[in-house]
Amino acid sequence: MTFGERLEARARPLGRRIAFPEGDDPRVAEAVAVLGRRGVVEPVVVEEAGAGALSRAAGMLTGGTVDGVVAGAVHTSAEVIRVGLKGVGLRADVRTLSSSFFMEVRDFRGRGSEVLTFTDAGVVRDPGPRSLAEIAGEAVRLRRRVVGDAPHVAFLSYSTRGSAAGRSVDRVRKAVERFRRAYPEVPADGELQADAALIPAVARAKAPGSAAGGKANVLVFPSLDAANIAYKLVERLAGATALGPILQGLRLPLNDLSRGASVGDIMHVAAITALMAGERDGSP
């Protein structure tokens with residue numbers, strides 16, 4: 001099965017109610033119909049039109065009427081994020097809202113197609129060490145729930161273990177130190193160049209003994225510029241499937257869509273939102 005098909009299969013038995021405040025968009029309407037017919041989630045279309053539909057959906061979420069919200073096919077990311085912050089709010093242990101993309105890529109290291117996490121490609125423009133470490137931690141938390149495997153985290157740079165110097169390299173190194181203190185059980189390394197993070201042979205040459213080198217499935221980019229450019233290049237040139245931006249750090253799951261989202265994208269983000277909703281009731 002594809003990643004999207006696996007998401008649907010895992011979301012189906014949960015019976016989550018997901019609100020859609022953009023039901024008048026043809027893509028959303030079709031996705032809602034298919035989701036309901038397949039029983040992936042129980043779709044709830046918010047009848048109110050315009051920006052008020054977002055505030056209404058957020059109220060349904062915080063009031064417990066629905067388990068999650070999916071928006072962004074019509075509204076901008078800024079509008080969705082604003083409602084998320086004001087209407088839902090951050091978890092008490094989170095300082096900064098961030099996001100991840102799930103990238104389903106073709107076989108590149110001899111073990112079949114894979115799902116990689118790219119973070120943060122949608123929200124935080126220029127994170128400092130503290131924010132970068134927190135973004136990585138939230139990406140790990142999200143991946144465990146949505147993908148369900150063991151995260152291996154690579155903090156990316158143009159340098160690998162001191163091969164170059166610079167302000168951004170120093171920032172990445174400090175972020176790695178913070179992350180390791182907060183998540184000592186998670187294999188992580190940095191600073192790593194992308195090839196050392198992803199390709200075992202390169203990791204053996206550039207970063208021997210690395211806990212994440214050649215095995216990374218969570219890629220932490222040093223800036224929004226780098227992450228956003230990278231995910232779009234991988235999507236368009238390598239034919240990867242990109243799902244996101246999935247918002248990290250909110251108290252309850254409210255997720256954004258690209259305004260170019262397809263019906264399939266909307267369905268799969270809805271399934272991700274349903275899986276994230278388990279944090280509310282403690283389900284695995």
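1. Which side chain does R161 meet in a salt bridge? The partner of R161 is D189, with N and O 3.0 Å apart. The model is a predicted one. This pair joins distant parts of the chain, 28 residues apart: R161 sits in the loop between strand 6 (153-156) and helix 6 (167-182), and D189 belongs to strand 7 (residues 188-192). R161 has a relative accessible area of 40%, so R161 is partly exposed. D189 is buried, because its relative accessible area is 4% and the cut-off for buried is under 20%.

2. A salt bridge also connects R38 and E8, where the closest N and O atoms are 3.2 Å apart. The arginine, R38, counts as partly exposed because its relative accessibility is 45%. For E8 the value is 7%, so E8 counts as buried.

3. R27 and D25 form a salt bridge through their side chains, at 3.0 Å from N to O. R27 is at 22% relative accessible area and is therefore partly exposed. D25, at 12%, is buried.

4. How many salt bridges does the count give? The count comes to 15. Some of the charged residues are joined beyond a simple pair: R91, D93 and E138 are linked in a network of salt bridges.

5. E22 deserves a separate entry. This residue is found in the loop between strand 1 (17-20) and helix 2 (26-38). E22 is buried but has no salt bridge. Which side chain of opposite charge is nearest to E22? That side chain is R27, 6.7 Å away; a salt bridge requires the nitrogen and the carboxyl oxygen to be within 4 Å. R27 is instead paired with D25 in a salt bridge.

6. What does the side chain of E22 reach? The E22 side chain reaches the backbone nitrogen of A73, at 2.9 Å. Apart from neighbours within four places in sequence, the residues in contact with E22 are V28, A71, G72, A73, V74 and H75.

7. Helix 5 (residues 129-146) can be checked for length. With 18 residues at 1.5 Å a residue, the helix should span 26 Å, and the C-alpha atoms at its ends are 26 Å apart, so expectation and model agree. Is helix 5 mostly covered or mostly open? Helix 5 is mostly covered, with 14 of its 18 residues buried. Just after the helix, G148 adopts a positive phi of about 85°.

8. V202 is a residue of helix 8 (residues 200-206). Its relative accessible area is 23%, so V202 is partly exposed. Leaving out neighbours within four places in sequence, V202 is in contact with D195, A196 and A207. V202 and E177 are 25 residues apart in sequence, and their C-alpha atoms are 23 Å apart in space.

Terms used:
Residues numbered from 1 in each chain as written. Predicted model: local features only at pLDDT ≥ 70, side-chain atom pairs only at ≥ 80, totals over all residues. Heavy atoms only, no water. Helix = DSSP H or I, 4+ residues; strand = E, 2+ residues; numbered from the N terminus. Buried < 20%, exposed > 50% of the residue type's maximum accessible area, 1.4 Å probe, protein only. Lys, Arg positive; Asp, Glu negative; His and termini not counted. Polar contact = N/O pair within 3.5 Å; in protein donor to acceptor, adjacent residues only side chain to side chain. Contact = heavy atoms within 4.5 Å. Expected span 1.5 Å × (residues − 1).
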